[in-house]
Amino acid sequence: MSDTMTDQRPTTGPLVPRGSLTHRRMPRWVPAAIAVVAIALGVTIGLAFDLSSHVQWGLIALVLFVLGTYVTTAVVEDRRQAKDRVATSLVWACFVLAVVPLYSLVQTTIAKGVKDLDGNFLTHSMAGVLAGDEGGGVYHAIIGTLEQVGLASLIAVPIGVLTAIYLVEYGRGKLALAVTFFVDVMTGIPSIVSGLFILAFWILALGFHYSGFAGSLALVILMIPVVVRSTEEMLKLVPNELREASYALGVPKWRTILKVVLPTALGGITTGIMLAVARIAGETAPVLLLVFGNQMINNDPFNGPQSSLPFYIYEQYLLGTDQAYARAWSAALVLIAFVMILNLVARGIARWKAPKTGR
């Protein structure tokens, strides 16, 4: 009996039962150390083999980091934890691979576009400015973009929101299925197809002239499915309990939608609309076909050719001079800033209109 008690007495610490979930863990600083070593090896290999692209250095470092993480975790912990850490590393690697091109795009545009971006560039047009001349501006293109996108939004937002309300609150049967099908088809329509349709219908068939409004009609076709899909998903997130409580008080369905459903989903709906606006702001193909371009300021979108930021960038690139390239980069920076502002406004409205929950 005494021998048995002696064998069960711990000598170096608490016993870990067989099959316990307790296991050795790597210190938290180890993944960072592995990343530093992988980057150093990637740079060394790149220099040794005279690899000119830093992207190749990064990919080598990424592969070494994943392999180092797996081997180290398998030795210190076990293979199951090693596989889990490798999966986590791959997720972060994919995130980095997605961010790096975006960072490179923004950094390059800022570096090349900020040189000529000043008050004169933002307040003057290209009237009387030749391809090789200094100066010139983007004011007429900004006016065209704001008017074309604004007109498209005035038409597409009510149609898209009302269509989404029908699909979520009223849609039943074959008509709802047909509407859903055509919305899905419109989502995949290339912008050039929408431009060709408006060109054939509005200009060639009906006899109207090139104008900013013609470009807006093509942008409407591209914007409606985005608004419908985003609004539809936001309306589906509204709890049915809110609708049922309203119905129990005798409130009619249309008033429930107007006073309960839409205010609850307003933040998400606004975000979707802003993203749709940002999506059409950079479209070039419909503008090339329908707006036709203009070197001077045209404040009337219903009469005469007009310019826009995407068309201006394309136009300056075709001129081929250093001065034109500089103006194109500056216009691209203005367009990126415009889209970024729209996204920030959308996030602000979504947070402001989000339903308040008690703590």
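Modeller: Thr145 counts as buried, with a relative accessibility of 4% (buried is under 20% relative accessible area, exposed is over 50%, and partly exposed is in between, using a 1.4 Å probe and protein chains only). Before going on, a word on the source: this is a predicted model, where local features need pLDDT of at least 70 and side-chain atom pairs count only at pLDDT 80 or more, while totals for chains, interfaces and linings use all residues. Residues are numbered from 1 along each chain as its sequence is written, and side-chain values use heavy atoms, with hydrogens and water left out.

Back to Thr145, which sits in helix α6, residues 139-170 (helices are DSSP runs of H or I with at least four residues, strands are runs of E with at least two, and both are numbered from the N terminus). Leaving aside residues up to four places away in sequence, Thr145 touches Gly150, Ser307, Ser308, Leu309, Pro310 and Phe338 (a contact means heavy atoms within 4.5 Å). From Thr145 to Tyr170 you go 25 residues along the chain, and their C-alpha atoms are separated by 36 Å.

Now zoom out. The protein chain has 14 helices and zero strands. Of its 359 residues, 35% count as buried. Among contacts between residues at least 6 apart in sequence, 70% join residues at least 24 apart. The radius of gyration is 29 Å, whereas a compact globule of 359 residues would come in near 21 Å (the radius is taken over C-alpha atoms, and the globule rule is 2.2 Å times the number of residues to the power 0.38). Along the principal axes, the C-alpha trace spans about 105 × 70 × 35 Å.

On to the aromatics. The whole structure holds nine aromatic pairs (rings of Phe, Tyr and Trp, the last by its six-membered ring, pair if their centres lie within 6.5 Å; planes under 30 degrees apart are stacked, over 60 edge-to-face, and the rest tilted). One of them is Phe181 with Phe182, an edge-to-face pair at 5.5 Å centre to centre with 70 degrees between the planes. Both partners are out in the open: Phe181 is exposed at a relative accessible area of 51%, and Phe182 is exposed at 52%. Then there's Tyr210 with Phe292, which is stacked because the ring centres are 4.6 Å apart and the planes are at 25 degrees. Tyr210 lies in the loop between α8 (191-205) and α9 (212-236), and Phe292 in the loop between α12 (285-290) and α13 (309-319), so this pair ties together parts that are 82 residues apart in sequence. Tyr210 itself is partly exposed, at 30% relative accessibility. Ring pairs also link Trp202, Phe208, Phe213 and Phe302 into a cluster.

Asp50 is another non-glycine residue with a positive phi, near 55 degrees. You'll find Asp50 in the loop between α2 (29-48) and α3 (54-76), where Asp50 counts as exposed at 68% relative accessibility.
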